[in-house]
Amino acid sequence: MMTRRQAIKTTALATAAAAIAPAVIGQNNPVVANPSVFTLPPLPYALDALEPHIDARTMDIHHGKHHKAYVDNLNKAIAQMPGVGGSLAIESLLQNLNPLPDNVRTAVRNNGGGHFNHSLFWQMMKKNGGGEPKSELTKAIEANFGSVALFKESFAKAATSRFGSGWAWLVVNKGKLEIVSTANQDSPIMGKESAGCEGQPLLGLDVWEHAYYLKYQNKRADYIAAWWNVVDWDFAAERYAKLKG
């Protein structure tokens, strides 16, 4: 006989599975898992490709240790949800946190957010990056922030003023560009209720200390200034073209 507690738990798992299993995001989602197993994506460049702005040792630890830990811990959390299967999109998980069982919700939020954020972050940078944004994105930035220079100032302020660990983002929200900031590994795709903001990321800067401390120590502002030299504006422009609505 199934106890009342077991019945409640089973119902919760089924509800969560129904909410997140369909992987509804499609082309806007850069990270899709094979049957309930997430994997660490390879870097799209060599560890030293972003030198001297981001050093190879930091990249090795950041990707191979920190990001890997998010993936491993996310898989452990998913393993506690036997009702969830099929092709599972990380974005679907993060946009449907409330139906998740209490014993896995925080783990999915923290580690799933870390996996999603970092999987995008690596793609937002490239060797010999920097320069200026491209085409339509340039016009949108100028329309929303006045100029590219003013946008960079506002973005840097969001990154500098984020207390503790978190991210600064350029997002497109209902067709409009916005600069937002999230704590820890929260992502704008989680929505206002969970992350305090919403939108699809075009650019994101990791301001956790593990992202810069080996090279810049406590000089976060120097790290932020250097980061503009590795930004992949082509990637941001392509995402904007797809997501602007």
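**Exercise 1. Determine which residues bring helices H6 and H9 into contact, and describe how the two helices cross.**

Solution. Phe-155, Ala-156, Ala-159 and Thr-160 of H6 meet Arg-220, Ile-224 and Trp-227 of H9. Sorted by class, this contact comprises five nonpolar residues, one polar residue and one charged residue. The structure under study is a predicted model.

The next step concerns geometry. Two packed helices are described by the angle between their axes and by the distance between those axes. Helix H6 spans residues 148-161 and helix H9 spans residues 220-227; their axes come within 10 Å and cross at roughly 145 degrees. The crossing of H6 and H9 is right-handed.

**Exercise 2. Describe the overall make-up of the protein: its helices and strands, its buried share and its accessible surface.**

Solution. Begin with the secondary structure: the protein has ten helices and five strands. Turn next to burial. A residue counts as buried under 20% relative accessible area, and 49% of the 245 residues fall into this class. The accessible surface of the protein amounts to about 11500 Å², and carbon and sulfur atoms account for 52% of that area. Finally, consider the contacts between residues at least 6 apart in sequence: 72% of them join residues at least 24 apart.

**Exercise 3. Characterise the packing of helix H2 against helix H4 by distance and angle, handedness and residue classes.**

Solution. The axes of H2 (residues 56-78) and H4 (residues 102-123) come within 8 Å, with a crossing angle of roughly 145 degrees. H2 passes H4 in a left-handed crossing. On the side of H2, the residues in contact include Met-59, His-62, His-63, Tyr-70 and Leu-74. Those of H4 include Val-104, Ala-107, Gly-112, His-115, Phe-121 and Trp-122. By class, the contact of H2 with H4 has eleven nonpolar and eleven polar residues, and no charged ones.

**Exercise 4. Identify the parts of the chain that are tied together by the salt bridge between Asp-186 and Arg-109.**

Solution. The closest N and O atoms of Asp-186 and Arg-109 lie 2.8 Å apart. Asp-186 is in the loop between strand E4 (176-183) and helix H7 (192-195), while Arg-109 is in helix H4; the pair therefore ties together parts that are 77 residues apart in sequence. Asp-186 counts as buried, at 8% relative accessibility, whereas Arg-109 is partly exposed, at 26%.

**Exercise 5. Locate the salt bridge between Asp-234 and Lys-126, and name the network that includes these residues.**

Solution. In this salt bridge, the closest N and O atoms of Asp-234 and Lys-126 are 3.0 Å apart. The pair links distant parts of the chain, 108 residues apart: Asp-234 lies in helix H10 (residues 233-243), and Lys-126 in the loop between H4 and helix H5 (135-145). Asp-234 is partly exposed, with a relative accessible area of 33%; Lys-126 is partly exposed as well, at 25%. Lys-126, Asp-232 and Asp-234 are linked in a network of salt bridges.

Methods: Residues numbered from 1 in each chain as written. Predicted model: local features only at pLDDT ≥ 70, side-chain atom pairs only at ≥ 80, totals over all residues. Heavy atoms only, no water. Axes fitted to C-alpha atoms, helices over the stretch in contact; angles between N-to-C directions. Helix = DSSP H or I, 4+ residues; strand = E, 2+ residues; numbered from the N terminus. Left-handed = near helix turned anticlockwise from the far one by under 90°. Contact = heavy atoms within 4.5 Å. Nonpolar A, V, L, I, M, F, W, Y, C, P; charged D, E, K, R; others polar. Salt bridge = Lys/Arg side-chain N within 4 Å of Asp/Glu carboxyl O. Buried < 20%, exposed > 50% of the residue type's maximum accessible area, 1.4 Å probe, protein only. Areas by Shrake-Rupley, 256 points an atom, 1.4 Å probe, with all protein chains shown as cover.
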